[in-house]
Amino acid sequence: MTIQTIKTAPFDDQKPGTSGLRKRVTVYQQPHYVENYIQAIFDSLEGFAGQTLVIGGDGRYYNDVAIQTAIKIAAANGFGRVLVGQNGLLSTPAASHVIRHHKAFGGLVLSASHNPGGPDGDFGIKYNISNGGPAPEKITDAVYARSKVIDSYKIVDAPDVALDQIGLQRSGDMVVEVIDPVADYAALMETLFDFGAIAALFAGGFRMTFDAMHAITGPYAHAILEDRLGAPKGTVINGTPLPDFGGGHPDPNLVYCKDMHDLLMTQEGPDFGAASDGDGDRNLIIGKNRFVTPSDSLAILAANAALAPGYATGIAGIARSMPTSAAADRVAEKLGIEMHETPTGWKFFGNLLDAGRVTICGEESAGTGSNHVREKDGLWAVLLWLNIIAARKQSVDEIVREHWATYGRNYYTRHDYEEVDAGIANTLVDDLRAQLPGLPGQVFDDLQIAYADDFSYHDPVDGSTSAKQGIRIGFTDGSRIVVRLSGTGTVGATLRLYLERYEAADGRHDLETQLALEPLIVLAEQLSQVRARTGRPEPSVIT
Ligand code: G6P
Ligand code: ZN
């Protein structure tokens, strides 16, 4: 075996975002682009000689090419073993579990999550550490710094690995083990949930549709929902992963899952609908006549988690990203457990989970998860919902209504302005930031500003601080306006405006969301001038 040292020149755009390095496939296809980035990751780590690295991706276009490269660079850099999912597949939560279960040093997750795939779509690479979670900023900053000065990478001159063949192979001196991508994950789910009760639910005629969106969760959902839990064949739709996701946009929201949503709003439709994204970490939950917002879902799952065997002794605490609604805070208060508000990005939950301070985490961006892995987990959320429905013997709509009647309702919406000129977006945020000191105490009709700040997170576990994580304008009645720039876009800037209003337990819970939030929407425009400055009369996406 020969280890080659190849001379290269740095790229100036390899700065990891909210969730790894996401770029157009065409960017990744530049000579040395993948090699530089993976070498920059390894150069930023210490102590992996002879250790295990997990590699897997969501099956999107370029997955297979990048995985072969990653294996050869890992071999040249001295890893002892690579565990790779068959055909290069591993959902993001399954990769997290495999890293933990097999005590790996870390893992490379190849995905651009919910972004479209194919030759003109997106690709991404993310490094996860030994706890199974995304690398903290200390590491991603080091990777970026290294990528700017890198002048060579190491790669073995070895044949490609046969990714379709389960079992042991070699790449240079390194062992490569191709594993069943589903087995470990399915076994873990069986320890957390009451599979007997869920199977009885299906046997009793309960019907669901799970849309895998031609992405990674297909094999997992077929194996767990249909094969193990006995849901009728056909419960899982679009269940075969395709490199371009069948031309679709694998983001489980009301835009891309509109047909399923509409079906759930009819009497003939199933009782329950769910979907997951490109890499299997996001979830969409819809009951008959009831869409559940991700923020409400987090609160309801936390309030009812003890109904599932894996959480029967109760949960230690809850964490949510800052822009996520405060619905979960009320649950934590009632349970008398810790509540944490973190910046956007699952990586910020890692320390809290490792320290046992929280058990359940969630984000408004359709992510929920628990301490079972260190990523958000789409199928996990679906299974916990099924477990709760089976235990409570109620519909999703009944469960949601009872929740609001107990805790009150946090009306919530997010308005996105996508592919905005980055200069305009940055100036807008800077100007808003400059206004913040003068805002507290100001009154706009019924709304009085209680606080206005740029969110700064102080990690209570490692003491680190992450500043400038989004602008918060809070009102005395619990309402809130949040403005931040997305860290996951690949073109221009995406401005996100998050709006929230609290309605008490005995208040009005049946208002149309956009109407309920209208005064805040108007005030947000007055303060930030998003529409005026971007020239966009309305958001590109409303969630
Ligand atoms: C990804 C990350 C999440 C994040 C979401 C939105 O899914 O894994 O942690 O909440 O993107 O991030 P953004 O920076 O685009 O708002
Ligand atoms: Zn994802």
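**Conventions.** I number residues from 1 along each chain as its sequence is written, with chains lettered from A and ligands numbered from 1 in the order in which they are written. Since the model is predicted, local features need pLDDT of at least 70 and side-chain atom pairs count only at pLDDT 80 or more, while totals for chains, interfaces and linings use all residues.

**Entry 1, domains.** I looked up how the protein chain is divided, and found domain 1 (3-181), domain 2 (185-407) and domain 3 (409-542), with bounds that come from an automatic or database domain assignment. The centres of domain 1 and domain 3, taken over C-alpha atoms, are separated by 36 Å. I then checked where these two meet: 9 residues of domain 1 are in contact with 4 residues of domain 3, contact being C-beta atoms, placed from the backbone, within 7 Å of each other. On the domain 1 side, strand β2 (residues 21-24) supplies the largest share, 3 residues; strands are DSSP runs of E of at least two residues and helices are runs of H or I of at least four, both numbered from the N terminus. That side of domain 1 has no nonpolar residues, 4 polar and 5 charged, where Ala, Val, Leu, Ile, Met, Phe, Trp, Tyr, Cys and Pro count as nonpolar, Asp, Glu, Lys and Arg as charged, and the others, Gly among them, as polar.

I next looked for nonpolar cores, meaning sets of buried Ala, Val, Leu, Ile, Met, Phe, Trp, Tyr and Cys residues joined through C-beta atoms within 7 Å. A residue is buried if 20 or more other C-beta atoms lie within 10 Å of its own, exposed if 12 or fewer, and partly exposed in between. The largest core has 126 residues, and Val82, Ala302 and Leu384 have the most contacts inside it. Helix α13 (residues 378-392) gives the most to this core, with 11 residues, and at least three residues come from each of domain 1 (3-181) and domain 2 (185-407). Leaving aside neighbours within four places in sequence, Ala302 is in contact with Ile315, Ile318, Ala328, Val331 and Ile360. I also noted a second, separate core of 28 residues, which includes Tyr417, Phe455, Tyr498 and Val530.

I found Leu53 in strand β3 (residues 52-57), and Leu53 counts as buried because it has 27 C-beta neighbours inside 10 Å. Not counting residues up to four places away in sequence, Leu53 touches Val82, Phe105 and Leu108, among others. Phe195 is in helix α7 (residues 195-203), and Phe195 is buried because 20 other C-beta atoms lie within 10 Å. With neighbours within four places in sequence left aside, Phe195 is in contact with Glu190, Arg228 and Leu229.

I looked up Asn289, which lies in the loop between β13 (283-287) and β14 (290-292) and has a positive phi of about 60° although it is not a glycine. Asn289 is partly exposed, because 13 other C-beta atoms lie within 10 Å. Asp445, in the loop between β20 (443-444) and β21 (447-454), has a positive phi near 50°, and Asp445 is exposed because 8 other C-beta atoms lie within 10 Å.
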